[in-house]
Amino acid sequence: MSRGLVTGGALCALFLGAALLSLVWTPHDVAAIDIAAKLRGPSAAHWLGTDHFGRDLFSMILVGARVSLAVALVAVGIGAGIGVPLGLLAAARRGGVVDELVTRANDLVFAFPSLLIAILITAVFGPSAINAIVAIGIFNIPVFARLTRGAALALWQRDFVLAARVAGKGEVRISVEHILPNLADLLIVQATIQFSLAILAEAALSYVGLGAQPPTPSWGRMLAESQTMIAIAPRLALVPGLAIVLAVLGLNLLGDGLRDLLDPRVRRARA
Amino acid sequence: MKRFLLGLALALAAGAAGAAPRADIVIGMQLEPPHLDPTAGAAAAIDEVTYANVFEGLTRFGPDGEVEPDLAESWEISDDGLSWVFHLRPGVKFQDGTPFSADDVAFSIERAMEAESQNAQKGLFDGIASVNVIDDQTVEIALDVPKSSLLSSLAWGDAVMVSPATAEKNRTEPVGTGPFSFSNWVQGDRIELVRNPDYWGAPAKLDKVTFKFISDPTAAYAAVMAGDVDAFPVFPAPENLEQFKADPRFLVMVGTTEGETILAMNNARAPFDDIRVREAVAHAIDRAAIIDGAMFGYGVPIGSHFPPHNPAYEDLTALSAHDPEKAKALLAEAGHAGDISVTLTLPPPSYARRGGEIVAAQLRAVGIDVAIANVEWAQWLEQVFTNHDYDLTIVAHTEPNDIDIYARDDYYFGYHDPVLKALWDGYQQVTDAADQRELLRAMQERIAGRYVNGFLFQLAKTGVADKRIKGLWINAPTPANDMTAVEWTE
């Protein structure tokens, strides 16, 4: 196993652990405002200190991890859940009208700057974590659809697919039973990468006030709120900033490591 | 030797010129005005650029809110209080060279009062029956009913004097009688004014004033620190003031404003149509925490809709002291057991956004479930102010002497109270200062006792300026940056 994979895995485990931990326990209530205790440095009671409302920064980071994770998980789920079947369908009907439609629709969505459209969606339907999920999810669809179609097209030319057709299997059964399992590695790696992008997108949307709404903490909004206080309490910006960096770095390292591990070409070259 | 002396003289002259104080200034503002006609818009930014600089009225507000003569030198009131005769200052010219006369007064006031006028404060002119020109320098304002607030109404930015020749173009090329003429507007960046050489009064000390618009508080902080702006009279981030205070280059100015910051409740809608619920909200609020947390300590608690620096102020904060237990008891008495779920709509300023988070936490502590909805100003004006579609909101009412909003029928509070209306009508009739104070106190008590809104704090004017600048207003009795007396000391 590569060092990248181990580091990435460890960071992701930390991220996941923080998110899960926040479900059962946080040192303090994240919504509890205690103005008298504002802008305190790290101490035994507040491990990372408090913010401008006297809320416990460590607790906010834990809950923020959960919000990031939930948004990214569902958004990537939407992308893969819709994108992969579309890609399989397009590959099965390659050259046909359906293929053309799916491919062009993909190009269309790709042509828009994704974050701008996400801002549009959340601005029209109102800022909330749910709308952020939908906005980010929509832009994950073409990524998965295109990847699936490209790889599936190559698979459709292979002998084992021909054998399956000779055996009388239809397009759907071939796609599900023969094509999809051979794409799994590729999709897992892509999902990891998309996951890190979704976390960044969620942070960006929260930063402009269109993500999870107060009092639910979110890393992006913590950054935005710390902005004017960067000179008096740089900790307020550093902590959520580092959290985002570590989570995204961990997911990218994990993705790279997994690709090295799972990609048949790389595997064969190593053997 | 001669050449040496000449060189020395030149060097000295150059040195002296270099040491002469600067004659230009850059003023930072957070919001850019939508246009520059103060008689056709409510945006405070319009007045912050034009009031007392480009435009002047018959009367004006001084630096501490006192009403002073401006284009009217003096006036007489008839015994029945229905006829006011104003004597205009001689020799006043508009910046385009046309002389200012009584006809312009009649034009300006009639224009503001006409049905299709876009004046944002038409209420200022209520009760005016007609404006009669007596001669070039004399004009009579005839009233239907006595109006003790006439002089202060005429001092507002919405009541400035405009010229019939240029009035229609004031939105983009304002022409008034003030000490500065409009020079240039680079949309999205800055507005430049230059000294009016033909000004009737003491000429402005600066040659040029630039208003620069910086909406982001972090960028505003950087601009002041870097010296890109010389003064930021209404600095948007109170948390940065400590650093300005610690820096010997700057002077931090903390003054008063007319901005009563309130937690407005929709009195026309359940559950806030029940006075017990409103009283519970009032007791759930901890003003000290809000001022400290949202404004970093800048602000004075208020117990009614009235500024503490006004002589008629009465401290009513005890009536709605922080008492969560009492709030819970009141809610229980009103038949609510944790079943109240409301939305708190917050406009962009940090007093609202930050204050809103604290208020929401305090209301949750007594069992009122509050969801926060952050909106932009345009949406706030449409949804809350115009359509009255809201439960709770936080906003600062920055107009001076605006307690009459509680006597208005179609105001967004949804509060209808014949008692208060009678008090306000009475206030308009009396001219004696002591009687006026009595009625103002009675109105404060009435709205505090009816718990119309949650009264939070009086917004402070927190500004920062280069220490060498003098003559800037410390207080903000009306939105304005009067630059007439501003100068550099070295």
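Helices and strands are runs assigned by DSSP, a helix having at least four residues and a strand at least two, and they are numbered from the N terminus. The model described here is predicted.

**Interface of chain A and chain B**

- The size of an interface is often given as the accessible area lost when the parts come together.
- Between chain A and chain B, the buried area is about 1600 Å², and carbon and sulfur atoms give 58% of this area.
- Ile35(A), Phe53(A) and Thr228(A) supply 32% of the area that chain A buries against chain B, which is more than any other three residues supply.
- In terms of residues, 18 from chain A are in contact with 19 from chain B.
- Six residue pairs are in polar contact across this interface, both residues of each pair having a pLDDT of 80 or more.
- The side of chain A that touches chain B consists, by class, of 10 nonpolar, four polar and four charged residues.

**Salt bridges**

- Over all chains, the structure holds 36 salt bridges, and the count between chain A and chain B is two.
- Lys38(A) forms a salt bridge with Asp292(B), with the closest N and O atoms 3.3 Å apart.
- Within chain A, Arg104(A) and Asp107(A) form a salt bridge whose closest N and O atoms are 2.7 Å apart.
- Arg104(A) and Asp107(A) are separated by about one helical turn, because they are three residues apart in helix H3 (residues 97-111) of chain A.

**An open sheet in chain B**

- Strands of a sheet pair through backbone hydrogen bonds, either parallel or antiparallel.
- Four strands of chain B make up an open sheet in the order E4-E5-E7-E6, and their pairing is antiparallel.
- Strand E4 (72-77) and strand E6 (128-135) of chain B stand at the edges with a single partner strand each, so one side of each has no neighbour in the sheet.
- On average, neighbouring strands of this sheet are turned by 20° against each other, direction ignored.
- Strand E5 (residues 83-88) and strand E7 (residues 138-143) of chain B run antiparallel and are joined by five bridges.
- Opposite Ser83(B) stands Ala142(B), in E7(B).
- Helix H3 (residues 102-113) of chain B lies across E5, E6 and E7 of chain B, and runs at about 165° to E6(B).

**Strand E10 of chain B and its partners**

- Strand E10 (residues 208-213) of chain B pairs with strand E1 (residues 24-29) of chain B in the parallel sense, over six bridges.
- Thr210(B), in E10(B), is the bridge partner of Val26(B).
- E10(B) also pairs with strand E9 (residues 190-195) of chain B, in the antiparallel sense and over five bridges.
- Phe211(B), in E10(B), is the bridge partner of Ile191(B).

**Points of the backbone**

- A cis peptide bond joins Pro214(A) to Pro215(A), with omega about 10°.
- In chain B, a cis peptide bond joins Ala270(B) to Pro271(B), with omega about 0°.
- Pro271(B) is located in the loop between strand E12 (250-265) and helix H7 (275-284) of chain B.
- Leu39(A), a residue other than glycine, has a positive phi, near 55°.
- The position of Leu39(A) is in the loop between helix H1 (3-24) and helix H2 (57-92) of chain A.

How values were computed: Residues numbered from 1 in each chain as written. Chains lettered and ligands numbered in written order. Predicted model: local features only at pLDDT ≥ 70, side-chain atom pairs only at ≥ 80, totals over all residues. Heavy atoms only, no water. Contact = heavy atoms within 4.5 Å. Buried area = accessible area lost by both parts, 1.4 Å probe. Salt bridge = Lys/Arg side-chain N within 4 Å of Asp/Glu carboxyl O. Polar contact = N/O pair within 3.5 Å; in protein donor to acceptor, adjacent residues only side chain to side chain. Nonpolar A, V, L, I, M, F, W, Y, C, P; charged D, E, K, R; others polar. Pairing = 2+ DSSP bridges. Axes fitted to C-alpha atoms, helices over the stretch in contact; angles between N-to-C directions.
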